[in-house]
Amino acid sequence: MLVAAVAKVNGYFYAPSTETYWKQAYSQDNSFLYVTTQYLTTAALDNLAADVAPYENLLVCAPAFDVGLNKRYDNITVKKIPQSVLDKCEYGVDNYNLNIVDVPECDEEEWEND
């Protein structure tokens, strides 16, 4: 939910790659988006940068990050996720509350057949 929201706000198309974890969304000209809910450290960005090809551009969005990360790489931009977006997206909980109006009733026999 958070990645899709950040992608939309930044003009990216939400389409997570099945092969590369940091390619969560894309734009034109080999531009990709990676969203994390963790504090982004210099070491974490350096590890990520090792996988980004020189012809690729990456926008990394995090709730907070080390000073100067935005200027560390020419092809990687680091931005803070706006608090308004974070507030509307629910993440990091054990039980996501789904707004299901009418839950279908199943008897034990139906559960066993599945």
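Me: In what order do the elements of the chain run from the N terminus on?
Reply: This is a predicted model, where local features need pLDDT of at least 70, side-chain atom pairs count only at pLDDT 80 or more, and totals for chains, interfaces and linings use all residues. Residues are numbered from 1 along each chain as its sequence is written, and side-chain values use heavy atoms, with hydrogens and water left out. Helices (H or I, at least four residues) and strands (E, at least two) are DSSP runs, numbered from the N terminus. There are four helices and five strands, and they run α-β-β-β-α-β-β-α-α.

Me: Is N75 buried or exposed?
Reply: N75 sits in the loop between β4 (57-62) and β5 (76-80). Buried means under 20% relative accessible area, exposed over 50%, and partly exposed in between (1.4 Å probe, protein chains only). N75 has 16% relative accessibility, so it counts as buried.

Me: Which backbone oxygens does the N75 side chain reach?
Reply: Polar contacts are pairs of N or O atoms within 3.5 Å; within protein, one must be able to donate a hydrogen and the other to accept it, and residues adjacent in sequence count only if both atoms are side-chain atoms. The N75 side chain gets to one backbone oxygen at 3.2 Å, that of A53. At 3.0 Å there is another, the backbone oxygen of E56.

Me: How many aromatic pairs are there, and how is the F13 and Y26 pair classed?
Reply: Rings of Phe, Tyr and Trp (its six-membered ring) pair if their centres lie within 6.5 Å; planes under 30 degrees apart are stacked, over 60 edge-to-face, and the rest tilted. That gives three aromatic pairs. For F13 and Y26, the centres are 5.4 Å apart and the planes at 35°, so the pair is tilted.

Me: Which parts of the chain does the Y21 and Y34 pair link?
Reply: Y21 and Y34 make an edge-to-face pair, 5.7 Å centre to centre with 90° between the planes. Y34 is buried, at 15% relative accessibility. The two residues are 13 apart, and the parts linked are the loop between β1 and β2, for Y21, and strand β3 (residues 31-35), for Y34.

Me: Which residue lies over the face of F32?
Reply: A charge sits over a ring if NZ of Lys or CZ of Arg is within 6 Å of the ring centre and within 35 degrees of the ring normal. At 4.5 Å from the ring centre of F32, the residue over the face is K23.
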